[in-house]
Amino acid sequence: MKKSIRAFAPATVANVSCGFDILGFAIDELGDQVEVSLCETPGLRVVNIEGDGGRLPYEADKNTCTVAIQAMLDQLDYKKGMEISLYKGLPLGSGMGSSAASAAAALVAANALLGYPFDKKQLVDFAVKAELIACGAAHADNVAPSLLGGFVLIRDYEPLDVIKLPVPSGLYCTLLHPHLELNTSDSRSVLRKQISLKDSTIQSGNIAGLIAGLFQKDFDLISRSLKDVIAEPTRALLIPGFYELRDAIKSVGALGSGISGSGPTIFVLSPSKKIATAVGTKGSEVFKKIGLDVDVYISEVNDRGAYVI
Ligand code: HSE
């Protein structure tokens, strides 16, 4: 009988405003599933993809699942093959870490099939190779939280230094996904290549404040720190309703908002489920007013990350 393992990996919010490419957190329930089967014929083959509207590649050197697994197998002496089936739960180009969740689920399933040669933190290195294929940038702020769960800081990339941060209880996230699509490579192309000393100081203060706020469970400090002067000023122009939404959610008591990853999804942090729900209602109104349909998800921060089903 063919030995198969299926894994789930969650959606993620990367950047979290001030943490461009260095901070992300995982969301509950929403995510991708990947089933990996061992087989005698050498090589990796994607045999089935569902939920992508026929848009994702089957070629092993282009699909994020196979690219990630191949990076892992390059470190091992594994001579046989694997077949991969991908079940997309996440929309493409949404800013919720869709390509990252596929790579993370694929790695967790393949790693389990091989008897756990790596721990989850080591898998981040392999998943980053898949992000490079997916969007041209080897960023880890989606794959790391998707694999590990919780809030994750990428302190450095060379070599990767990935640090899990505490999650204050009572912190809720509302995701508002307007029905638009933005490719990460396009959203990265609008970024300024240079930032001023002043902006660098502002951004450093806010990322330090946000991390201190997570450690101190200080919602007010978290709220003051949710500011991005690096990516948001140019990217917000790609998201209709971005500033209207930011103002509207403050009136219902949210801590703050920002672009989820490279957008167009907007994340809003709130100090209770009640406020997170009110944010969903208010946010939907803002997008409806400008003629955009929107999906709303409400979640605590998912501290578990990817797992074998
Ligand atoms: N840090 C990446 C970016 C996340 O902002 O481009 C992409 O989801």
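# Reading loops, cis peptides and a buried threonine

Visitor: Where is Pro 159 found?

Guide: Pro 159 lies in the loop between β5 (151–157) and β6 (160–165). Helices (H or I, at least four residues) and strands (E, at least two) are DSSP runs, numbered from the N terminus. This is a predicted model, in which local features need pLDDT of at least 70 and side-chain atom pairs count only at pLDDT 80 or more, while totals for chains, interfaces and linings use all residues. Residues are numbered from 1 along each chain as its sequence is written, and side-chain values use heavy atoms, with hydrogens and water left out.

Visitor: What kind of peptide bond joins Glu 158 and Pro 159?

Guide: Most peptide bonds are trans. The bond joining Glu 158 and Pro 159 is cis, with omega about -5°. The bond from Gly 263 to Pro 264 is also cis, with omega near 10°. Pro 264 sits in the loop between β8 (256–259) and β9 (266–270).

Visitor: Which value does phi of Asn 15 take, and is Asn 15 buried or exposed?

Guide: Most residues other than glycine have a negative phi. Asn 15 is not a glycine, yet its phi is positive, near 80°. Asn 15 belongs to the loop between β1 (4–14) and β2 (23–39). Buried means under 20% relative accessible area, exposed over 50%, and partly exposed in between (1.4 Å probe, protein chains only). Asn 15 counts as buried because its relative accessibility is 6%.

Visitor: What is phi of Lys 217, and is Lys 217 buried or exposed?

Guide: Lys 217 has a positive phi of about 50° without being a glycine. Its place is the loop between α6 (197–216) and α7 (219–225). With a relative accessible area of 57%, Lys 217 is exposed.

Visitor: Which backbone oxygen does the side chain of Thr 174 reach?

Guide: The side chain of Thr 174 reaches the backbone oxygen of Ala 276 at 2.9 Å. Thr 174 itself is part of strand β7 (residues 172–178), and its relative accessible area is 0%, so Thr 174 is buried. A contact means heavy atoms within 4.5 Å. Leaving aside neighbours within four places in sequence, the contacts of Thr 174 include Ile 266, Phe 267, Val 268, Ala 276 and Tyr 297.

Visitor: Which residues does the annotation "domain: GHMP kinase C-terminal" cover?

Guide: UniProt positions are given in the numbering used here, feature names are shortened, and annotations may be inferred rather than shown by experiment. In the unreviewed UniProt entry, this annotation covers residues 211–287. Over residues 211–287 the chain is 53% helix and 12% strand, and the end C-alpha atoms are 31 Å apart.

Notes: Polar contact = N/O pair within 3.5 Å; in protein donor to acceptor, adjacent residues only side chain to side chain.
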